[in-house]
Amino acid sequence: MAKFAIVAACLLGPAPAFAADGLDIVRQRVAQVAVLRGGFEQEKQVAGFRNPLRSQGRFVLARGKGVVWTTLQPFPSELVVTRDRILSRQRDGSLRVEVDARQQPAMRSVNAVMFSLMSGDVGALASRFDLQAQALPGDAWKLTLKPKSAALARSFASIELQGDRYVREVGVVEGNGDRTRLRFVELSETPAQLDADEARKLD
């Protein structure tokens, strides 16, 4: 989860819409909201293991601030990802710094990608990835991302996003071959402000 630090029956028309036209469509369809809340279901296939690791929980994303991931199953925990750090809170309430991005420039780049993925910020993604965009029926869309830099490719081999007004699903192939699929459910833009506890966590 820390690397994300969290993303249709037939094609529109006779051929898929790619490149600039597709990106413009995605930009128009994805909502730019201040706060987004919802649930997540994660399935991670670790190279060399037969059975995937599954988890689920809740998240809150605050644009420009960060993401709070609260895992409920199989083990309660909390991960707070900001542009500068990743903090984890364990079941006993203890808090520790997993990564300080101010000391690790590469992690700052990974965090920026995570925020862009969650919020559907296509412009930010285009600065770090080669994008292939596909418009799907209704308001749906699909993006396939390939890292531009060798440094980023060590973390991400490829990323695939699908969504509509929101990013609904993210599939990640990591540089080491591990695969993660995140599904976002029960997404809501309200309340539109962080509560006191959420704001404190993201300070």
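The following legends describe close-up views of a predicted model.

Residues are numbered from 1 along each chain as its sequence is written. Because the model is predicted, local features need pLDDT of at least 70 and side-chain atom pairs count only at pLDDT 80 or more, whereas totals for chains, interfaces and linings use all residues; side-chain values use heavy atoms, with hydrogens and water left out.

**View 1. Overview of the chain and its secondary structure.** The chain holds five helices and 11 strands; helices (H or I, at least four residues) and strands (E, at least two) are DSSP runs, numbered from the N terminus. Of its 203 residues, 44% are buried, where buried means under 20% relative accessible area, exposed means over 50%, and partly exposed lies in between (1.4 Å probe, protein chains only).

**View 2. The salt bridge between E78 and K201.** A salt bridge is a side-chain nitrogen of Lys or Arg within 4 Å of a carboxyl oxygen of Asp or Glu. In the pair formed by E78 and K201, the closest N and O atoms are 2.8 Å apart. E78 belongs to strand β4 (residues 77–82) and K201 to helix α5 (residues 196–202), so the pair ties together parts that are 123 residues apart in sequence. E78 is buried, at 11% relative accessible area, and K201 is buried as well, at 16%.

**View 3. The network of salt bridges that includes K201.** Side chains of opposite charge can pair when their charged atoms come close. Here a network of salt bridges links E78, D197, R200 and K201. Within this region, the side chains of D197 and K201 meet in a salt bridge with an N to O distance of 3.1 Å. D197 and K201 are four residues apart in helix α5, so about one helical turn separates them. D197 is partly exposed, with a relative accessible area of 34%.

**View 4. The salt bridge between R168 and D164.** The closest N and O atoms of R168 and D164 lie 3.0 Å apart. R168 counts as partly exposed at 33% relative accessibility, and D164 counts as partly exposed at 22%. A search of the whole structure finds 12 salt bridges.

**View 5. The nonpolar cores.** A nonpolar core is a set of buried Ala, Val, Leu, Ile, Met, Phe, Trp, Tyr and Cys residues joined through side-chain atoms within 4.5 Å. The largest such core has 33 residues, of which W69, L143 and F184 touch the most other members. A second, separate core consists of seven residues, including V35, V68, L87 and L202.

**View 6. F59 and W69.** F59 is found in strand β2 (residues 53–62) and is buried, with a relative accessible area of 5%. The C-alpha atoms of F59 and W69 are 4.6 Å apart in space, while the two residues are 10 residues apart in sequence.

**View 7. Strand β11 and its pairing partners.** Two strands pair if DSSP finds at least two bridges between them. Strand β1 (residues 35–45) pairs with β11 in the antiparallel sense over eight bridges; G39 has V185 of β11 as its bridge partner. Strand β10 (residues 167–174) also runs antiparallel to β11, joined to it by five bridges, and V170 has L182 of β11 as its bridge partner. The hairpin of β10 and β11 has four residues between the strands, and G177 takes a positive phi near 95 degrees there.

**View 8. Backbone geometry at E186.** E186 is found in strand β11. Its phi is near 55 degrees, a positive value in a residue other than glycine. E186 counts as exposed, at 61% relative accessibility.

View 9. P74 lies in the loop between β3 (66–73) and β4. P191 is found in the loop between β11 (179–188) and α5.
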